[in-house]
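Keep the sequence and the model in view while reading.

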Amino acid sequence: MSAFTTPILNYSLLLPILIVLGGALIGVMLEAFASRKIRPIAQLSITFGTLILALVQVWRIRHQSSLTAAMGSVAIDGASILAQGSVLLIAILGVALIADQEHFTALAASLPGSSEERESIQSGEQLTEIYPLTLFAVAGMLLFPASNDLITLFVALEMLSLPLYLMAGLSRRRRLLSQESALKYFLLGAFSSAFFLFGAAYLYGYSGSVSFAGIREAVIGGSGNDVFLLMGIAFLSIGLLFKVGAVPFHAWTPDVYQGAPTPVTAFMAAATKVAAFGAMLRIFYTALANAYWDWRPVMTTIAIITMLFGSFVAIAQRDVKRMLAYSSIAHAGFLLIGVIALNKAGLDASIFYLLAYGVTTIGAFGVVTLVRDSTGEVTDLKRWAGLGKRSPFAATLFAAFLLAFAGIPMTSGFIGKFSIFSAAYESGNHAIVIVGVLSSAIAAYFYIRVIVVMFFNDPVEDGTTVVIPSILTRFAVTTAFAVTIFLGVFPAPVLNFITSTALLLR
Amino acid sequence: MISNLPIYLIALPLFGSAVLLLGGRKTDRWGHIFATLMSAASFGVGAYLLTIMLSKSNSERAITQKLFEWISVGTFKVNAGLLLDQLSICFVLLITGVGTLIHIYSIAYMSHDHDRRRFFAYLNFFIAAMLLLVLGDSYLNLYVGWEGVGLASYLLIGFWNQKPTYATAAKKAFIANRVGDMGLSLAIMIAFATLGTVSFAGVKEHVGQASTGALTAIGIMLLVAATGKSAQFPLQAWLGDAMAGPTPVSALIHAATMVTAGVYLITRSNFIFDAAPTAQLAVAIIGAITLLFGAVIGMAKDDIKKALAASTMSQIGYMILGAGLGPAGYAFAIMHLLTHGFFKAGMFLGAGSVMHGMNDEVNMRRYGGLRKFMPITFATFGLGYLAIIGVPPFAGFYSKDKIIEVAFNTGGIKGITLGSAALLGAAITAFYMTRVVILTFAGAKRWDEKAHPHESPFLMWGPMVLLALGSVSSGFLFTHGDALRNWLAPVVEPVAVHEAEVLSPAIVSILALVLVAIGVGLAIVKYLLSDVPEVAPKDVTVFTRIARRDLLQDQFNEAVFMRPGQALTRGLLTADRSVIDGAVRAIARMAVGSGNILRTTQTGFVRSYAMWIVLGAIGLVAAIWMVTL
């Protein structure tokens with residue numbers, strides 16, 4: 001038995017993750033010890049400070065890429081740095097939305113409709129556990145795309161998922177719906193995690209190693225038991241496809257997106273996608289790259305089904321949040337195209353797409369938080385009629401976000417779609433590009449329908465108004481708007497940065 | 001750093017325009033002064049850059065400024081960059097100099113207009129766009145400015161769009177310009193397809209690699225662009241109607257600067273035309289046709305602004321002709337452009353001044369004898385008049401005679417035809433300009449009782465005086481020691497050897513002066529020595545009638561383009577509604593239908609969702625197995 005050696009962790013490379021975890025722990029301490037009065041402002045400043053500090057650290061290590069930390073279980077390379085930077089940027093915008101406490105229940109532990117709940121609302125107090133929960137999730141999301149072995153990957157997956165399950169249940173209005181969605185998310189998440197773990201076990205059985213490098217070597221060597229490899233790929237994929245909401249593992253998406261408080265939906269939709277696709281790109285581009293004959297046809301099928309299903313069902317939606325949920329399913333399909341491309345262009349395009357999509361998503365849900373009546377947010381599409389006349393600011397921004405989702409030129413969405421399709425075309429996968437373009441066309445229908453409803457239908461007089469956004473919400477949506485347009489008009493600097501930075505450690 | 005300065009030429013007026021448009025009513029009080037200052041500041045930068053350029057040797061004067069990488073798609077790379085060379089500085093000073101004077105003039109001219117701020121915002125925007133047009137270092141950058149001035153022109157022609165006819169005039173100008181713009185974009189595309197670059201330097205460098213056919217195609221398309229923007233035959237019909245805009249706009253955009261963009265484009269593309277003789281000949285022919293076309297229309301117009309507009313068309317015809325004569329003519333085309341910028345802008349401002357004093361009356365038959373009431377306007381207009389008809393030593397004499405001379409000197413039937421057309425044009429110009437001056441300033445009073453003609457305020461006549469000084473002296477200054485020709489030499493590379501002189505300069509000048517004297521004499525006999533009826537006589541020859549109707553240009557356009565176009569549109573609309581919309585609707589119904597069916601899978605029960613996952617897992621494993629088998 002060999003002596004236990006102290007692991008070398010390379011703290012400086014792990015700093016972004018450690019900072020966020022530290023911030024989360026401080027948040028927990030504040031929850032426990034600080035007085036209720038100062039908690040909201042203290043939590044908010046800690047959260048923002050932590051995220052910005054972490055972002056600065058990511059920027060600092062951007063050139064020290066292609067290293068591993070924590071004994072090879074965390075890869076710090078261009079791809080992980082870009083994914084971490086995107087997650088942090090999106091988290092900053094997401095927290096700006098979360099800061100509007102109007103969306104969250106006063107006392108999460110109280111039963112809906114109970115006297116306890118009434119009292120807590122009347123007292124005007126507000127629990128602030130959402131902030132540390134967000135930070136824990138962010139830490140998981142930072143680790144997930146950087147994980148370089150299956151164990152770390154699983155730990156990161158749970159680390160990002162568990163806080164999200166809770167956060168989904170914290171809605172102030174329609175609490176039963178919110179709690180139901182949280183429970184569904186948790187049950188299905190646990191279910192898919194089991195698949196994931198099962199797949200990890202198979203891959204270990206195949207290669208005798210949990211590290212991606214080890215699996216890669218085993219695949220190249222080709223000496224292992226193929227049944228284990230195939231089962232491993234299939235089950236591991238299920239766990240990841242569940243997180244990104246690909247068909248047929250998407251069923252939770254509409255319910256959770258609708259039930260969760262909208263700021264949480266925004267954060268979850270945007271940041272989870274970045275983290276999960278970051279991890280997926282790493283696994284498929286490194287560990288399983290040489291087994292692509294085995295997984296590519298299946299993933300292609302899933303991408304096609306996902307794009308078409310998301311686009312078609314979104315047409316039939318009458319609720320803005322559910323529509324955006326199906327739209328996110330369709331976008332997961334587009335992103336899978338980038339995974340399947342399996343070339344450098346595909347990696348670059350996927351990362352750009354993730355950043356662009358994430359920011360636009362935050363902006364779109366940010367606008368949704370502003371459209372309210374006396375009972376809270378209005379998400380029924382019919383009642384958005386004529387919004388363009390009543391609130392041109394919000395409607396114009398929302399229209400811009402929808403156009404970006406649809407991939408109209410001059411928006412980031414166009415550049416994202418264009419680069420991801422051209423990467424796939426380059427890799428010789430012409431069929432999927434055709435399906436992708438067709439589903440974009442279908443998807444454009446329901447995005448533009450919302451614009452028509454907002455601008456060309458007469459307003460309905462039912463008290464639906466656009467509230468004046470708080471400074472932070474305004475910051476989030478206008479920043480998202482600016483980034484969406486900037487990436488559409490001047491994509492070159494960002495694209496070049498991604499192209500020169502994005503590398504995957506093999 | 002000198003190479004960082006050119007962008008400020010554009011940025012200053014653009015900033016002014018943005019402040020005025022975004023600031024809204026808050027800037028009403030000082031907006032016009034701010035805009036004028038921005039234009040003047042841009043002129044200041046231009047003048048400073050000129051002094052810098054003068055201090056260097058002629059081959060090192062060009063300043064390039066790279067702004068940013070604009071487009072990078074595959075092998076197609078375009079930098080947004082500026083090129084300030086000997087040719088563009090001429091334009092920069094003309095645009096900002098005349099532009100600033102017209103800003104000053106407009107402060108007084110537009111003082112009663114509610115929307116004066118918007119007017120100045122558009123003027124500033126125009127200055128910025130026009131500067132981008134002449135400063136862009138590639139055809140694509142030029143194209144941005146080209147479209148920008150088109151937009152500014154549209155907005156300003158339709159500035160008083162409460163009158164439907166004015167709005168229509170704006171639309172007409174815009175559409176005619178779009179036809180030309182199509183030519184420019186095609187030229188850019190052909191250039192990229194054959195040469196792989198669209199920058200001026202790149203095209204010039206690679207021009208030898210392209211076939212003559214391709215270069216001719218590029219040249220013809222550039223000519224189409226020029227005919228649209230510069231109101232040349234056959235896209236000339238919009239310029240007369242464009243006079244619906246406020247008079248300062250007519251002076252700046254539709255006389256001095258924007259309409260000369262076509263001449264700039266052709267001169268800038270000299271390397272293409274020099275390698276494509278057919279296209280070059282086409283340019284000269286278009287110029288000759290238009291100079292006669294405009295002159296003939298000018299004889300029949302009673303509206304002072306439309307008469308001047310016809311004259312502008314004709315004078316630009318001279319410039320295009322000059323540019324079409326190749327290396328020998330470029331410098332004179334530009335010289336005529338600059339001198340014309342002075343005298344025509346001055347005369348338009350004079351016309352504005354007359355209208356200002358006459359309750360916005362534009363019909364010259366309702367003027368008469370105004371010289372006593374508006375002495376300064378008369379004097380400045382008169383100097384411009386002497387310049388345009390080419391009396392020595394005024395500006396037009398130098399520039400126009402040179403073009404006529406070069407036309408003759410190209411030799412052969414070509415030279416005689418083009419030269420004769422240019423000479424004839426000079427005679428007609430003398431006739432119709434004399435007519436304008438007599439009808440307006442001489443003879444008996446024919447105006448309304450309500451009109452109280454008076455001289456305009458200083459802010460208006462000040463700029464007119466300065467422009468008149470330009471009309472007097474600029475020709476001499478430009479030709480003295482071949483100053484402008486030598487200055488432009490690095491850009492247009494004049495032929496070193498003199499071509500055979502068919503007619504000596506003296507003979508050309510004498511011929512031209514004799515013809516001008518005949519034209520002036522005829523006009524004096526017809527309009528000064530006999531009574532001018534207040535209503536245009538009806539019993540005139542068929543030629544006069546056709547000339548009054550702009551040589552039937554509108555009728556032609558309507559019969560050949562508009563009506564067939566409308567019929568085609570209607571046909572397409574029907575096809576679109578029945579065939580294409582029908583197909584689209586059917587697909588949409590299918591999409592909605594399948595969406596409605598698929599959404600039923602979303603039952604809301606977590607158990608069924610879990611079942612989907614299980615089924616998916618089974619499917620996934622099965623599929624992977626099947627692939628590997």
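## A buried pair between helices

In this predicted model, Asp255(A) and Lys184(A) form a salt bridge, with their closest N and O atoms 2.7 Å apart. The term means a side-chain nitrogen of Lys or Arg within 4 Å of a carboxyl oxygen of Asp or Glu. This pair links distant parts of the chain: Asp255(A) sits in helix H10 (residues 252-259) of chain A and Lys184(A) in helix H7 (residues 175-207) of chain A, 71 residues apart. Helices here are DSSP runs (H or I, at least four residues), numbered from the N terminus.

Asp255(A) is buried, and Lys184(A) is buried too. Buried means under 20% relative accessible area, exposed over 50%, and partly exposed in between (1.4 Å probe, protein chains only).

Side chains of opposite charge can pair when their charged atoms come close. Over all chains, the structure holds 23 salt bridges.

Lys344(A) bridges to Asp348(A), with the closest N and O atoms 2.8 Å apart. About one helical turn separates them, because they lie 4 residues apart in helix H14 (residues 344-368) of chain A. Lys344(A) is partly exposed, at 36% relative accessibility. Asp348(A) is buried, at 9%.

In chain B, Glu405(B) forms a salt bridge with Lys402(B), the closest N and O atoms being 3.7 Å apart. These two are 3 residues apart in helix H17 (residues 395-409) of chain B, so about one helical turn lies between them. Glu405(B) is buried at 11% relative accessibility, and Lys402(B) is partly exposed at 26%. Elsewhere, salt bridges with shared partners join Arg25(B), Asp28(B), Asp115(B), Arg117(B) and Arg118(B) into one network.

## Where chain B meets chain A

Contact (heavy atoms within 4.5 Å) involves 26 residues of chain B and 37 residues of chain A. The two chains bury about 2,700 Å² between them, 81% of it on carbon and sulfur atoms. Buried area is the accessible area (1.4 Å probe) that two parts lose on being put together, summed over both. Ile613(B), Leu620(B) and Ile624(B) supply 23% of the area that chain B buries against chain A, more than any other three residues.

Helix H23 (553-598) and helix H24 (606-628) of chain B each supply at least two residues of the side that touches chain A. H24(B) gives the most, with 15 residues.

## Basis of the values

Residues are numbered from 1 along each chain as its sequence is written, and chains are lettered from A and ligands numbered from 1 in the order in which they are written. Local features need pLDDT of at least 70, side-chain atom pairs count only at pLDDT 80 or more, and totals for chains, interfaces and linings use all residues, while side-chain values use heavy atoms, with hydrogens and water left out.
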